[in-house]
Amino acid sequence: MKASNVTMKLHWDEVILAALKEDIPWEDVSANAVVPEEALGHADLIAKADGVLAGLPVFARTFALLDEQTQVVFHAAEGDFVTAGTRIAEVTGRMRVILSGERTALNFLQRMSGIATYTRKMADLLAGTHTKLLDTRKTTPLLRSFEKYAVTVGGGSNHRFNLSDGVLLKDNHIGAAGGVRQAIERARAYAPFVRKIEIEVETLDELDEALDAGVDIVMLDNMKGDALTEAVRRARGRAETEISGNVTQENLQRYVSLGVDYISSGALTHSAPILDLSLKHLKSM
């Protein structure tokens, strides 16, 4: 997914506007009290910590939705690694607009940049391997497109985007179907032939049943030690493999040498700290 104009218009604008309405239900009483309506100003976007930038188009669009005349000039690009103290951008326009849009614009940018920064650290640990780093659906409600986009900026890849996007049979699906084989057979009969079937397995017996049923991808959920190594060996050449379950920056290294196709981590989106950024030095023009 890329930050295209189409994406901005079809989905991102709607979410940004909702965020602005949340913060400015009828007026920004502080800005309106102290700043004349047509007064112009200029402010700098500054990095207060080292990290990877993601969400610059969202930052700029937030101000544009308040006033199309607001100008944002960037001195860094999407995906750049910046250090503390870097001047990332200049914002010029009506001071009321800059003040009113500041927090919403920063909230989006800090959150997305934090995800990109955390993802980059994990992706770097997989450099030189064929294993892809994937995100999950453990995202903030209504902010999934922003957060999954940030993962790609950081060097990760997106797993399925939503429940309509792919077949992933987890433990409760297996229980509802009556077993691993039954779940795979029903999914194969129902889903379009172009869709791969992925299933979550927790034991070697479940893995063998899934492989015998012709599954396309096996998610090795929370497997450890010798069982995980054996599972990867058994699946090799028969199905693609994905490791999942509490994978974080701290423990990713233990899985690198296994040679799996994918490693998914909910931590990319649910545990990444924000990247500290600030809009400073607002001055009248």
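In strand β11, tyrosine 262 is the bridge partner of glutamate 242. This pairing belongs to a predicted model, in which β10 and β11 (residues 262-264) run parallel and are joined by two bridges.

**The parallel sheet**

Strands β10 and β11 are part of an open sheet of six strands, ordered β6-β11-β10-β9-β8-β7 and paired in the parallel sense. At its edges are β6 (132-134) and β7 (167-169), each of which pairs on one side only. On average, neighbouring strands of this sheet are turned by 25° against each other, direction ignored.

Strand β10 (240-244) is mostly covered, with four of its five residues buried. Five bridges connect β10 with β9, and the two strands run parallel; valine 218 stands opposite threonine 241 of β10. From β9 the chain passes through α9 to β10, a β-α-β crossover that is right-handed. Helix α9 (residues 225-235) lies across both β9 (217-221) and β10, and runs at about 175° to β9.

Beyond its neighbours within four places in sequence, glutamate 200 is in contact with Leu169, Lys170, Asp171, Ile174, Met219 and Asp221.

**The antiparallel sheet**

A further open sheet consists of four strands in the order β3-β5-β1-β12, with antiparallel pairing. Because β3 (71-74) and β12 (277-284) each have a single partner strand, one side of each is left without a neighbour in the sheet. Strands β3 and β5 (residues 87-94) pair over four bridges in the antiparallel sense, and glutamine 71 has threonine 92 as its bridge partner in β5.

Helix α3 (residues 56-66) packs on this sheet and touches β1 (40-47), β3, β5 and β12, its direction making about 160° with that of β3. Helix α4 (residues 95-125) lies across β1, β5 and β12, and runs at about 165° to β12.

**Salt bridges**

The structure holds 14 salt bridges, including those tabulated here.

| Salt bridge | N to O distance |
|---|---|
| Arginine 87 – aspartate 44 | 3.7 Å |
| Arginine 234 – aspartate 208 | 2.8 Å |
| Arginine 234 – glutamate 230 | 2.7 Å |

The side chains of arginine 87 and aspartate 44 meet in a salt bridge. Arginine 87 lies in β5 and aspartate 44 in β1, so this pair ties together parts that are 43 residues apart in sequence. Arginine 87 is partly exposed, at 37% relative accessible area, whereas aspartate 44 counts as buried at 10% relative accessibility.

The side chains of arginine 234 and aspartate 208 also meet in a salt bridge. This pair links distant parts of the chain, with arginine 234 in helix α9 and aspartate 208 in helix α8 (residues 204-212), 26 residues apart. Arginine 234 is partly exposed at 26% relative accessibility, and aspartate 208 is likewise partly exposed at 26%.

Glutamate 230 forms a salt bridge with arginine 234. Because these two residues are four residues apart in helix α9, about one helical turn separates them. Glutamate 230 is partly exposed, with a relative accessible area of 22%. Through shared partners, salt bridges join Asp208, Glu230, Arg233 and Arg234 into one network.

Key. Residues numbered from 1 in each chain as written. Predicted model: local features only at pLDDT ≥ 70, side-chain atom pairs only at ≥ 80, totals over all residues. Heavy atoms only, no water. Contact = heavy atoms within 4.5 Å. Pairing = 2+ DSSP bridges. Axes fitted to C-alpha atoms, helices over the stretch in contact; angles between N-to-C directions. Buried < 20%, exposed > 50% of the residue type's maximum accessible area, 1.4 Å probe, protein only. Right-handed = clockwise from strand over helix to strand, strands pointing away. Salt bridge = Lys/Arg side-chain N within 4 Å of Asp/Glu carboxyl O.
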